[in-house]
Amino acid sequence: RHPVLHNVSVKVPAGTTLAIVGHTGSGKSTLINLIPRLFDPPPGTLFLDGKDVRQWPLAELRRSIGYVPQETFLFSDTIHQNIAFGCDETVEDARVDWAARVSQMARDIETFSNNMRTYVGERGITLSGGQKQRVAISRAVATLPKILIFDDSLSNVDTYTEERILEELAKVMKDRTTILVSHRISTVKNAQQIIVLKEGAIAEHGTHESLMELQGVYADLYQKQLLEEELATI
């Protein structure tokens, strides 16, 4: 079998943000799915606090991670219960409300008939794509995890709302290790380090500024996105 990832080596200091960019099929989701062990990495290849990730008790490992996958899943329940899902039963309403404000979902919730007690249909069918993503972001931050993983979780959100969410998330991410996957450079440019994946390997690695100076894959992606944004305003 041909390995999806090869020669990928990166160290993420605790409390910092790693961003991962790359074209579709470059291995971004595969890489981050190894952290909560949705896929099991080979022994001795992925370490958390210096310990092989496979040696952490699975429940303890996953409790410490707030994960927003590409495919957002919501339960047929109230918005409050969807956000509080990963928390213990004694979670205070104030924390759920705070999590909704972080994702910029609070204003939308105020317009719903029963506010936080509004039921969403199966898989969140009564919400828009952007609203579903924002509820999922709220759910991830509500558990106050040590590690946050966002897999292209702002793709259905407009750029204005994205900016507001990133401003709020910056406060949450300050003392947490964060892995941020995105197609949008605007989402990742403030990360302490950025890796560009190409065909399962790291093609470029640096900060936004150093990668722009390289004038390689990252800079090319950025220029294309700026051009697309300019054309969209015409």
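Axes here are lines fitted to C-alpha atoms, for helices over the stretch in contact, and angles run from 0 to 180 degrees between N-to-C directions. The structure is a predicted model, in which local features need pLDDT of at least 70 and side-chain atom pairs count only at pLDDT 80 or more, while totals for chains, interfaces and linings use all residues. Residues are numbered from 1 along each chain as its sequence is written, and side-chain values use heavy atoms, with hydrogens and water left out.

Helices (H or I, at least four residues) and strands (E, at least two) are DSSP runs numbered from the N terminus, and two strands pair if DSSP finds at least two bridges between them. On this basis six strands form an open sheet in the order β4-β5-β6-β1-β7-β8, with mixed pairing. Because β4 (65–68) and β8 stand at the edges, each with a single partner strand, one side of each is left without a neighbour in the sheet. Neighbouring strands are turned by 15° against each other on average, direction ignored.

Within this sheet, strand β7 (residues 193–198) is joined to strand β1 (residues 17–21) by four bridges, and these two run parallel, with Ile20 standing opposite Ile195 in β7. Towards strand β8 (residues 201–206), five bridges join β7 to an antiparallel partner, and there Val196 has Glu204 as its bridge partner. β7 and β8 form a hairpin with two residues between them, and Glu199 in the turn has a positive phi of about 55°. Five of the six residues of β7 are buried, buried meaning under 20% relative accessible area, as against over 50% for exposed and in between for partly exposed (1.4 Å probe, protein chains only).

Strand β6 (residues 177–181) contains Thr178, which counts as buried because its relative accessible area is 0%. Contact means heavy atoms within 4.5 Å, and, not counting residues up to four places away in sequence, Thr178 touches Thr16, Thr17, Leu18, Leu148, Phe150 and Met173.

Two packed helices are described by the angle between their axes and the distance between the axes. The axes of helix α4 (residues 93–102) and α6 (129–142) come within 8 Å and cross at roughly 130°. Angles under 35 degrees count as roughly parallel, over 145 as roughly antiparallel, 65 to 115 as roughly perpendicular and the rest as oblique, and α4 and α6 are therefore oblique to each other. Their contact is made by Arg95, Trp98, Ala99, Ala100 and Val102 of α4 and by Ser138, Val141 and Ala142 of α6. These residues divide into six nonpolar, one polar and one charged, where Ala, Val, Leu, Ile, Met, Phe, Trp, Tyr, Cys and Pro count as nonpolar, Asp, Glu, Lys and Arg as charged, and the others, Gly among them, as polar.

Helix α6 also packs with helix α7 (residues 159–173), at an angle of about 5° and with the axes 12 Å apart, so α6 and α7 are roughly parallel to each other. Here Arg134, Ile137 and Val141 in α6 meet Thr161, Ile165, Leu169 and Val172 in α7.
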